[in-house]
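Welcome to this tour! Open your viewer, get ready to select residues by number, and follow along stop by stop.

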Amino acid sequence: MALTPDDVVTKQFQHVRFKDGFDPDEVDDFLDEIVIEWRKALEENVELKAKLAAYESGAAPEAAAPAAEAPAAAPVAEAPAEPAPTGSATATAGIIELAQRLHDEHVAEGEAKRNQLISEAETEVARIRTEAEAKQREETARLERERNTLEARITELRNFERDYRSQLRGYIEGQLRELDEKSTSTDSTPVSAIGL
C-alpha cells in the first residue's frame, strides 16, 4: 500500500466503547504501516541521492549500474555522512508528531462525544424519572379516590343491610304479634260467632 500524507490526515479509527480513545491495536497497526512506508521512502531517497552523486561526479553509466544493483549496501554506508537522513529524521519526527496530534484530536473528540452522550443520557433519565413519578402520583391519587368511593359504598351497603334487617325483623315480629293476637282472640270466640 502506497501511503500518502492524505492517508495519514484522513485515517479514521474505530471508537472503542467503554474506553477512552481508539482501539490501540488499530492505531499501532496504522503507525506500523506509516513506519514501513516511510522507511521505504527513505531507502529510495538514499538510493536516488547515491545515483545522483555518482552521476554528478562524472562516473560512467556503468558505475551507476552497479550502484543500482546494490542499492542497499551503498546507501547504508553513506547515510550518516549525508544531510538527507537528518531531513528524513525530521520528516519522520514530523509524521510522528502529526500522528500524535491526530491521535490527540481524535481522543479529545471522543471524550467530548462521550461527555455529550453521558449528559444527554442523564437528561433523558431525569425526564423519564420525572414522568414516572408524576404518573405514579396520578395513579396513587386515582387508586385512593377509588378506594374512598368503595369504602363509602361498603358503608352505605352495611347501613342499608342493618336498616333492612331491622325493618324485616320489625315486620316479622309485627306479623307474629298479629298472629298471636288472632290466635288468642280466636280461642276465646265461639265457633258460632265466627260464622262457621
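How many salt bridges does the count come to? The count comes to 10 salt bridges, where a salt bridge is a side-chain nitrogen of Lys or Arg within 4 Å of a carboxyl oxygen of Asp or Glu.

Before you click, two notes. This is a predicted model, in which local features need pLDDT of at least 70 and side-chain atom pairs count only at pLDDT 80 or more, while totals for chains, interfaces and linings use all residues. Residues are numbered from 1 along each chain as its sequence is written, and side-chain values use heavy atoms, with hydrogens and water left out.

**Stop 1: Arg-142**

Select Arg-142 and Glu-139. They form a salt bridge, with the closest N and O atoms 2.4 Å apart. Both sit in helix H5 (residues 84-188), 3 residues apart, so about one helical turn separates them. Helices here are DSSP runs (H or I, at least four residues), numbered from the N terminus.

(Buried means under 20% relative accessible area, exposed over 50%, and partly exposed in between, using a 1.4 Å probe and protein chains only.)

**Stop 2: Arg-153**

Move along helix H5 to Arg-153 and Glu-156, which are 3 residues apart, or about one helical turn. Their salt bridge has its closest N and O atoms 2.7 Å apart. Arg-153 is partly exposed at 42%, and Glu-156 is partly exposed at 46%.

Next, select Glu-124, Arg-127 and Glu-131: salt bridges that share partners join these residues into one network.

**Stop 3: the nonpolar core**

Select Leu-3, Val-8, Phe-13, Phe-22, Val-27, Phe-30, Ile-34, Ile-95, Leu-102 and Val-107. These 10 residues make up the largest nonpolar core, a set of buried Ala, Val, Leu, Ile, Met, Phe, Trp, Tyr and Cys residues joined through side-chain atoms within 4.5 Å. Helix H2 (24-56) and helix H5 each supply at least two residues of this core.
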